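I opened my notebook to look up a few things in this protein. Here is what I jotted down, entry by entry.

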Amino acid sequence: MFPDSSEEDEKAEDRSSRHRSRVVSIASGKGGVGKTNITVNLGLALQKLDKDVLILDADMGMANVDVVLGMTARYHLGHVLEDKCSIEDALLQGPSGITVLPGASGVNDFIDIEIDEVKKLLELSAAIEDEFDFIIMDIGAGAHKGVVNFIRAADEIMVVLTPEPTAVMDAYSLLKILSDYALSSRLNLVVNQVENRREGEKVTERMENAIREYLEIDVDNSTLIPYDSALRKSVKKQNPMMEIYPNSKAGKAFSQLAEIMAFGAEKEKSRGMKGFVYRMLGFFRGN
């Protein structure tokens, strides 16, 4: 049996004075829209604002955050849950002091998780909560049920798309599925690889209107990330753009987005990492 998620959530809410990390899921309706690069560079932009950031690579099929950062992972979250290593062993220290927790386990591992692993995951959540202001999760693309559960358990969701029609439609399809689950998380849209502001604003307006009219979801913020050759250069060098080209067009856009996240959102709504775990487990159990 799992611990009762509703009772534990109420207990967690009573501890209102406890520090709570803001858990952000970065997702997309399809692959190839730059989701991992956005995860890494946004995390670094927040870190440069003196926020302690943990990136959790939860893209179970294509886990590659460590590759983008030019790092080599020996352990991942699955090893920690199986007591094959400590959380300290699995955490990687990246540029600017950012922390990465590789995650190579499949989503099904969480569906069939054992009670001992549940307790371990909750212990880890409590430990992580005290160390980080933001926990940013790079979620797998698409709308698999396990992926959707990861997305909607977070405090905040960023759905990444590009101006391409297929990317726009797939992003909308993902949001439609999330709306069917009565999405309560804060929603942000990130339109990546925008050729010019007019193109980006056109896509944003069309998406926001469709979401408001047909899905009845509020969009808290929409961000445009311009197409920038500096990003491609940084990927080839396995050195993040915010480290080597922070003043590029895209770099400035990430800095602006980080400032909005760091200083513009209501932190009181954050449920924290422990709240994320309880919600995720509840979703997998069908609660």
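Before anything else, I wrote down that contact means heavy atoms within 4.5 Å. Helices (H or I, at least four residues) and strands (E, at least two) are DSSP runs, numbered from the N terminus.

**The model.** I am working with a predicted model, in which local features need pLDDT of at least 70, side-chain atom pairs count only at pLDDT 80 or more, and totals for chains, interfaces and linings use all residues. Residues are numbered from 1 along each chain as its sequence is written, and side-chain values use heavy atoms, with hydrogens and water left out.

**Overview.** I found 14 helices and eight strands in the protein. Buried means under 20% relative accessible area, exposed over 50%, and partly exposed in between (1.4 Å probe, protein chains only). Of the 287 residues, 54% count as buried. I also looked at contacts with a separation of 6 or more: residues 24 or more positions apart account for 80% of them.

**Helix α11.** Which residues of α11 (residues 229-237) are buried? I got Ala230, Leu231 and Ser234. They sit on the same side of α11, because they cover an arc of only 100° around the axis (the arc is that of the directions from the helix axis to the C-beta atoms). These buried residues pack against α2 (35-47) and α12 (241-244). On the face turned away from the buried side, I noted the exposed residues Arg232 and Lys236.

Then I checked both ends. At the start of α11, a side-chain oxygen of Asp228 comes to within 2.9 Å of the backbone nitrogen of Ala230. After α11 comes Gln238, with a positive phi near 50°.

**Helices α8 and α9.** Two packed helices are described by the angle and the distance between their axes. For α8 (residues 145-152) and α9 (residues 165-180), the axes come within 11 Å and cross at roughly 75°. That makes α8 roughly perpendicular to α9 (65 to 115 degrees; under 35 is roughly parallel, over 145 roughly antiparallel, the rest oblique). Axes here are lines fitted to C-alpha atoms, for helices over the stretch in contact, and angles run from 0 to 180 degrees between N-to-C directions.

Who meets whom? Val148, Ile151 and Arg152 in α8 meet Leu174, Ile177 and Leu178 in α9. By class, I have five nonpolar, no polar and one charged residues in this contact.

**His79.** Is His79 buried or exposed? It counts as buried, because its relative accessibility is 18%. His79 lies in helix α4 (residues 77-81). Leaving aside neighbours within four places in sequence, I see His79 in contact with Arg74, Lys84 and Cys85.

How values were computed
Ala, Val, Leu, Ile, Met, Phe, Trp, Tyr, Cys and Pro count as nonpolar, Asp, Glu, Lys and Arg as charged, and the others, Gly among them, as polar. A polar contact is a pair of N or O atoms within 3.5 Å; within protein, one must be able to donate a hydrogen and the other to accept it, and residues adjacent in sequence count only if both atoms are side-chain atoms.
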